Amino acid sequence: ATLGANTFTGNQTVSGTVTATSFSGGGAALTNVTASNSNELGGLAPAAFAQLASANTFTKNQTVNGTVTATSFSGSGAALTNVTASNSNELGGLAPSAFAQLAAANTFTQGASFGGPVSDTVSAAGATAVYGSATEGSPTIGVKGISSGTDSNGVVADETGPGGYGVYAHASGAQDSTRYNPIGVYGLADSGIGILGIAVSSSGTYTSAQTTPVTGGVWGDTSANNDSNTAAGIVGTADDNSAGFFQNDSSTVSTVLAYNVSTGGSGLFRALKASTRTGTCGIGDGDLICTGQVKTLATTGGGAQTVETYAMQSPENWMEDFGSGTLERGVAVVKLEQAFAETVSGTADYHVFITPNGDSKGLYVTGKTAAGFEVRESGGGTSSVSFDYRIVAKRRGYEAQRLTDVTERFNAEQKSLNRYLKVQSGAAPARLSRPAPQAGSPSPRGPR
């Protein structure tokens, strides 16, 4: 070798020290560089060089132009780049399709567990951020979320754009013999509420009910007051059909229960209200209140015809009872039935109408008390004629009522109804098409 630049074609062993001001080449065959002499390469400290037989930590990004072979791999690999389909088969000898590509859509054909959060952001119209497809077996699950923490959520859907839906579920399959009709959303709670829908925020009534606790299959709630555009906790709408249907199979429990826990107030229809464009009927504090007629239906002609019958109405609150009696030597004492007497005014200001059932000098009523009255024949007659009577008395507790003016209260109720009728309901959810299958995944079965 000369004192100039020399090229060695074979391996060289230097027993002494090699001093270099610069270094180039891959250095693949350079061995025996140890901590005791590596500082002599460029004047750097030993810690500046990777040790071939030791674990090394690179604090800067590394670019490898050749092949990296690893028997194991640990860490998140967040900064590992440039792994492509053309070279990923060199990691463990697997095919390129065995690895997820960072810049591509990936389809996992087996169950995948992620220790941290999974997030995705899409901006194209009609794009899908999270897509799950299950087509084989019975039953199958497209997307499943599980949470065991206190006050946690298995699945959360949050929609912040205009006109969107936090959760949209579309069932388009056919009926079967196990689950019958397909269901868009199915809610099951072992000891709670199957589905809870809240408009604006939860109400104090809901919070109080949960301390009992009260549960239900479907629960609707709202904190919005009666002056807002929020119609109710639960709203049902339909065109040529019923907006609500309730059915149970019980010999003791009501099909529908309406209960107003408020005390006091002036609302006419505090428990139930049903209206059309021409009339209203409802239930207040145990009162049936209607703007139309009070009718019943009766069948005639052996059931071939149904006719209306109408209730008698009065400007005051009257109770009636009917009975019969017979004079003995011109006198009869009639005692009011105790149950009837307890439902009417405790005074004797009731009316009695007598109809004799035979010839007499005439009959009249005298000696009225809260317990009964006497019937006598006129002119001191002593006949034993029978008679019928009708007694009309004011209902106890309502003696002072007469054509009570409820104009303001009724107008307030109608104002609330008119507000609901003016609220324009939003369009029904469009039938969204299924997202296109991701690359390599099977197409969903069933009609679109």
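**Reading the folds and contacts of a predicted chain**

Modeller: Let's start with the chain as a whole: among contacts in the protein chain with a separation of 6 or more, 46% are between residues 24 or more positions apart. Contact means heavy atoms within 4.5 Å. This is a predicted model, where local features need pLDDT of at least 70, side-chain atom pairs count only at pLDDT 80 or more, and totals for chains, interfaces and linings use all residues. Residues are numbered from 1 along each chain as its sequence is written, and side-chain values use heavy atoms, with hydrogens and water left out.

Colleague: How many helices and strands does the protein chain have?

Modeller: Helices (H or I, at least four residues) and strands (E, at least two) are DSSP runs, numbered from the N terminus. Here the protein chain has 3 helices and 13 strands.

Colleague: What share of the residues is buried?

Modeller: Buried means under 20% relative accessible area, exposed means over 50%, and partly exposed lies in between (1.4 Å probe, protein chains only). Of the 448 residues in the protein chain, 12% are buried. As for the accessible surface (Shrake-Rupley method, 1.4 Å probe; for residues, only the protein chains shown count as cover), the chain comes to about 34,700 Å², and 51% of that belongs to carbon and sulfur atoms.

Colleague: Let's zoom in. Where is Glu-377 found, and is Glu-377 buried or exposed?

Modeller: Glu-377 is part of strand S12, which covers residues 372–377. Glu-377 is buried and has no salt bridge. A salt bridge is a side-chain nitrogen of Lys or Arg within 4 Å of a carboxyl oxygen of Asp or Glu. Lys and Arg count as positive and Asp and Glu as negative, while His and the chain ends are not counted. The nearest side chain of opposite charge to Glu-377 is Lys-361, 5.9 Å away.

Colleague: Which side chain makes a polar contact with that of Glu-377?

Modeller: A polar contact is a pair of N or O atoms within 3.5 Å; within protein, one must be able to donate a hydrogen and the other to accept it, and residues adjacent in sequence count only if both atoms are side-chain atoms. The side chain of Glu-377 has such a contact with the side chain of Ser-383, at 2.6 Å. The backbone nitrogen of Lys-361 also sits 3.0 Å from a polar atom of the Glu-377 side chain. Leaving out residues up to four places away in sequence, Glu-377 touches several others, including Leu-327, Gly-330, Tyr-364 and Thr-382.

Colleague: How many salt bridges does the structure hold?

Modeller: There are 7 salt bridges. One of them pairs Glu-308 with Lys-295, with the closest N and O atoms 3.0 Å apart. Those two link distant parts of the chain: Glu-308 is in strand S7 (residues 305–310), Lys-295 is in strand S6 (residues 295–300), and they are 13 residues apart. Glu-308 is partly exposed at 38% relative accessible area, and Lys-295 is partly exposed at 37%.

Colleague: And which residue forms a salt bridge with Glu-316?

Modeller: Arg-402 does, with closest N and O atoms 3.6 Å apart. Glu-316 lies in the loop between S7 and strand S8 (318–326), and Arg-402 in the loop between strand S13 (386–394) and helix H3 (407–422), so the pair ties together parts that are 86 residues apart in sequence. Arg-402 is partly exposed, at 49% relative accessibility. Another salt bridge joins the side chains of Glu-374 and Arg-376 (3.2 Å, N to O). Salt bridges that share partners also build one network out of Glu-316, Lys-394 and Arg-402.

Colleague: How many disulfides turn up in a search of the whole structure?

Modeller: A disulfide is a pair of cysteine sulfur atoms within 2.5 Å, and the search finds 1. Cys-281 is joined to Cys-290, with an S to S distance of 1.8 Å. Cys-281 is partly exposed at 27%, and Cys-290 is partly exposed at 29%.

Colleague: What about the backbone: which residues does a cis peptide bond join?

Modeller: Thr-212 and Pro-213, with omega about -10°. Pro-213 is in the loop between helix H1 (204–210) and strand S2 (216–222).

Colleague: Is Arg-329 buried or exposed, and what is its phi?

Modeller: Arg-329 is exposed, at 67% relative accessible area. Its phi is positive, about 55°, although Arg-329 is not a glycine. You'll find Arg-329 in the loop between S8 and strand S9 (331–335). Asp-151 likewise has a positive phi of about 55°, and Asp-151 is exposed at 79%.
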